[in-house]
Amino acid sequence: MSLALRASFAVRAPLPARAVNAARESLRLAHMTETIVIHCPYCGESYETVIDLSAGSQRYVEDCAVCCKPIEVNLRVSDDGELLDISTGTDRD
Ligand SMILES: [Zn+2]
């Protein structure tokens, strides 16, 4: 049922509609950065950093701004680009 509806929508959707969607998407992505506070698991200090929510859920290593040790940062981001959870750990976890 839903597949059939989606298929007929795709056939009817003209290119200009896609262009509008693309413009909306880029506008949305342009505002998807957020300042968060990272708590360093090594030295216990916290510092602010800016993350890009448009990339979705991600896991990366960032050097602590205070002690320069590699912090593993896990971000959980919803499909709507809403930040759900931040967790940090050492890169040996
Ligand atoms: Zn640190």
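This is a predicted model: local features need pLDDT of at least 70, side-chain atom pairs count only at pLDDT 80 or more; totals for chains, interfaces and linings use all residues.
User: Why are E3 and E5 called edge strands?

Analyst: E3, E4 and E5 form an open sheet of 3 strands in the order E3-E4-E5, with antiparallel pairing. Strand E3 (58-63) and strand E5 (83-90) each pair on one side only, and they are the edge strands. From one strand to the next, the twist averages 25 degrees.

User: How do you know that E1 and E2 pair, and in which sense?

Analyst: The requirement is at least two bridges found by DSSP. E1 and strand E2 (residues 46-52) have 7 bridges in the antiparallel sense, so they qualify as a pair. Thr35, for its part, stands opposite Val50 in E2.

User: What lies between E1 and E2 in the hairpin?

Analyst: The hairpin formed by E1 and E2 has 6 residues between the strands. In the turn, Gly44 has a positive phi of about 80 degrees.

User: Why is Ile36 called partly exposed?

Analyst: A residue is buried with 20 or more other C-beta atoms within 10 Å of its own, and exposed with 12 or fewer. Ile36, which lies in strand E1 (residues 33-39), has 13 other C-beta atoms within 10 Å.

User: Which residues are in contact with Ile36, leaving aside its neighbours within four places in sequence?

Analyst: They are Thr49, Ile51 and Ile86. To be in contact, two residues must have C-beta atoms, placed from the backbone, within 7 Å. As for Tyr47, its C-alpha is 8.3 Å from that of Ile36, at a separation of 11 residues in sequence.

User: What are the secondary structure and pattern of the whole protein chain?

Analyst: The protein chain has 2 helices and 5 strands. Along the sequence, these follow the pattern α-α-β-β-β-β-β.

User: How much of the protein chain counts as buried, and what share of contacts joins residues at least 24 apart?

Analyst: Of its 93 residues, 6% count as buried, the cut-off being 20 or more other C-beta atoms within 10 Å. Among contacts between residues at least 6 apart in sequence, 31% join residues at least 24 apart.

How values were computed. Residues are numbered from 1 along each chain as its sequence is written. Helices (H or I, at least four residues) and strands (E, at least two) are DSSP runs, numbered from the N terminus. Axes are lines fitted to C-alpha atoms, for helices over the stretch in contact, and angles run from 0 to 180 degrees between N-to-C directions.
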